[in-house]
Each structure stands twice: as C-alpha cells, then as structure tokens.
Amino acid sequence: MSKVKIGVLALQGAVAEHIRSLELAGADSMAVKRVEQLDELDGLVIPGGESTTIGKLMRKYGFIERIREFHAAGRPLFGTCAGLIVLAKRIEGQEESHLGLMDISVARNAFGRQRESFETDLPIKGIDEPVRAVFIRAPLIREAGANVEVLATYNEEMVTAREGRLLVSSFHPELTDDYRLHEYFAGMVREARSGEAKG
Amino acid sequence: MQKGGVIMDVMNAEQAKIAEAAGATAVMALERVPSDIRAAGGVARMADPTIVEEVMKVVSIPVMAKARIGHYVEAKVLESLGVDYIDESEVLTPADEVFHIDKQEFTIPFVCGAKDLGEALRRIGEGASMLRTKGEPGTGNIVEAVRHMRLINGQIRKVKNLSKDELYAEAKNLGVSYDILLNIHESGKLPVVNFAAGGVATPADAALMMHLGADGVFVGSGIFKSDNPEKFARAIVEATTHYDDYRLIAEVSKNLGTPMKGIDIKQLAPSERMQDRGW
C-alpha cells in the first residue's frame, strides 16, 4: 500500500514542524496554500497559529467550503491549538465559527496569556506512554457532543478529542520530537482511505 | 504562535482593532512609531501603561510592548501588566550601554534584535525566545533588514560547515559560548524564530524577507503612516503568506497609495542609526 499523503494548511503558523512530524510518522506531506492542492491529499492538518489570522485567510481564499467538501468526501482533519478553534462548531464569545465541523464548544486563550504557556507529559487514550505536550496560549474544549470521544484531559479539562474523522488537540504536538499523535492521525487517514477503497 | 505571520505596530485601541481585523498575528503597543521617534528626537522610553492596557483589552491576539535595552524595571513593569512578549528594543534609547536585561528570570518571553549571528546567540544566551533583524527602523528602507538576514543566515551556513576544532576560534570571533555554537553547528539553524523587522514599507518588502528565510515580519511605521492602513495591512498579510506567488503580490499591491517616503541609509549620520544600539 502506498504512503498516505497528508497536507498542512500553510496560511500561517507552525507548518514546517508539522510536515517534519508527519514524515517521521511515515506519511508524505506538503504545505497547502491553494485550494486545488487539496485534490491530491488523503488528510489535512490545520496547524497552530493565530485562529483569527488563519480563519480570515481561509475565507479569503475559499478554503472554508473546500475543506468542508474534503471532509464530507471521507478525508480526516487534524486541528492543533488554533486548528482546534478553526474546527469547532462553537467558539465562546464569538458569533461566528470557522469550519464549524466538530461538535465542541471551545474557549480561546483559556489558560491565559503567553506567560501561562507550559509543557507537561500528557496521557492520551490509544497511545501507550504519555505524550510530551506544549501548551501555548492554548484553547480548551468546554463542551463536547455525545459523539465526541475525549482522548485526554489536563486538570479535568478536555484537551484532546476525536469525533469520527476529526481529531483535535489544544497543545502543539509538532514542537517536540514525539510524533506519536501524528502517527495516530496517519492511522486514521489510512483507515479512511482503505474504507473508501473497499466501499 | 506567530510563525509565518505579521506583527504590527499600533498606537491605540482603534489601530489595534484594524490590525487584528486585517489578520495580524500580534500587535506591538507603542506610544510613537519609529519614524515619529526618529523625527521627535530626545529620549524614547517605554510606552504609557494606559496605551498597553487599552490595546490588551480590545484584541484577542498577543500584545507586545517595548522596553529600553538594559532597562530591567521597564521590563518588570511590562511583565506586571501581563503583556505577551517584551521587545528589548534599540528603537528606544538604551538605558545601559554595556549590559542587556537578564531575560532568564522573566516569565514573559522576550524578542530581541540582532544584526549578526554573534548578537543573535548572545541574546538567546540571555534568554530571548524570539529574534528579529534590526533593520533600520522608521526609514521605510529595507536594505538593512536584508543585510542582517543575509548575514545571519550566511554565518549559520559557515558554522555548519566548520570542523569541530574550528568552532572554538569561531566562538571567540563571534563572542559566544562554545556550547551554543555547537548547537548551531549540529542543527544548522537557530533554536528560536527570526523575524524580519525595520524598514518593511511594501507588500513586496515583506515577501522579500520571507524569501530570504524570515519566519515572519514586523511592520512598524509602514502601516499607519500609509494612505489606507486597513488595505495596506491586509496586503502585507497576504504577501507574507504567499511570498512566492508574484501574481498575488501584484494584485494586493495595486492602488495602495503612496508608501512612506523613506530615508536613504547613507544620509543617516552614524549617531542616528538605531541598529548600532545594543551589542
């Protein structure tokens, strides 16, 4: 079976780091700046950055509709930090969501300002040993719908979750050498692709 | 996470909102932009805390503020306000002509200017977690930012190719520790992001700096000194993301009005050069 190809939305944020982690996790990867590039991909990462910047540029270049179609066609999405906010159906204190795909409510900058950034070893369901997690002005999942599986909590707050072909983490998994969450996502992408091939 | 983004100088809450709406990844709260500081002369200091707090109230993106080089107390004051980054900046008049702030003991990350690899590594050694070129602020002239970015990246390539026994002498030349130089030799890159700053006056300037390897762009006087700040700010953001899409840069550069007039670096007396502040 050929390698899965997972893009990283490259409008702003930690793009090169995600590409490196995805490649270490055994996937092919590329930076995605134009909507046409989605056609050659099996999955997409929406990286950490500033969600207002990323959301604005996604609208500008028509990524909102195209990524919704991409997901509706069976392709998995992985949102980290700002990417989590971009995927959420509800953002506290804001009327509008961005992609609005995942049945979660999120709070931006939930841990506070930049100085409240921190690192911890986080146990994640489905991954054997704790994962090194870097939280930078991280968002939190305040509420999760019935079909959302919570994969990790920190101080009883939800910080990693999955709903079908959507995966989100409020920390930055791409900033360490620990690429197991990327492996987990690559597994989701492989599964989605083989399901598609059978169906 | 500012990587790949644009950080904009703002002087009040209204400008901060325009910057955020245009897609800035952070704002720098200032009392005066560099070109005004240059014009006004005299001693330039930390901004009035009221301005910093007003800006922090109205935007959800990170807010940065500047302290004078070596001014420990200005930095502590900014830390107490809870800003997201402190810029120990040569744009303000230095408070100490020998020592920079010991940034290790702060809980707030620092950004510092550097015009060569020695300066960059000394700042990292003191605890800076983000770097920027010094450029020549408030001139609207990109030549110095280009010089600094090319020099730093060229020096990194050189260090990468040195043999291990040559690193000792190079550490002495650059005025940095052997250990930090060994890290550069092995990784071939800086351990922190390096943004372009100083003299970015057009979308093409921003894109040029990304092409030369900047991790993002600071825009100071350029935006709110232009005819249409909102449009100008959006154009800089788009040109930074799509720095290798020249059609797009052409589109966003149309009808932006007159950019800031700019100053030829050769006409600046050495005493007027901000980049020579800091060591």
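In which helix of chain A do Arg68(A) and Glu65(A) both lie, and how many residues apart are Arg68(A) and Glu65(A)? Both lie in helix 3 (residues 63-72) of chain A, 3 residues apart, about one turn of the helix; helices here are DSSP runs of H or I with at least four residues, and strands are runs of E with at least two, numbered from the N terminus. The structure is a predicted model, in which local features need pLDDT of at least 70 and side-chain atom pairs count only at pLDDT 80 or more, while totals for chains, interfaces and linings use all residues. Residues are numbered from 1 along each chain as its sequence is written, chains are lettered from A and ligands numbered from 1 in the order in which they are written, and side-chain values use heavy atoms, without hydrogens and water.

Arg68(A) and Glu65(A) form a salt bridge, with the closest N and O atoms 3.1 Å apart; the term denotes a side-chain nitrogen of Lys or Arg within 4 Å of a carboxyl oxygen of Asp or Glu. Over all chains, 37 salt bridges are found. Another joins Asp42(A) and Arg193(A) at 3.3 Å, N to O. This pair links distant parts of the chain, 151 residues apart. Asp42(A) and Arg193(A) are both buried (under 20% relative accessible area, 1.4 Å probe, protein chains only).

Between chain A and chain B, 3 salt bridges are counted. Arg137(A) pairs with Asp84(B) in a salt bridge, the closest N and O atoms lying 3.1 Å apart. In total, 25 residues of chain A contact 31 residues of chain B (heavy atoms within 4.5 Å).

Technical notes. Buried < 20%, exposed > 50% of the residue type's maximum accessible area, 1.4 Å probe, protein only.
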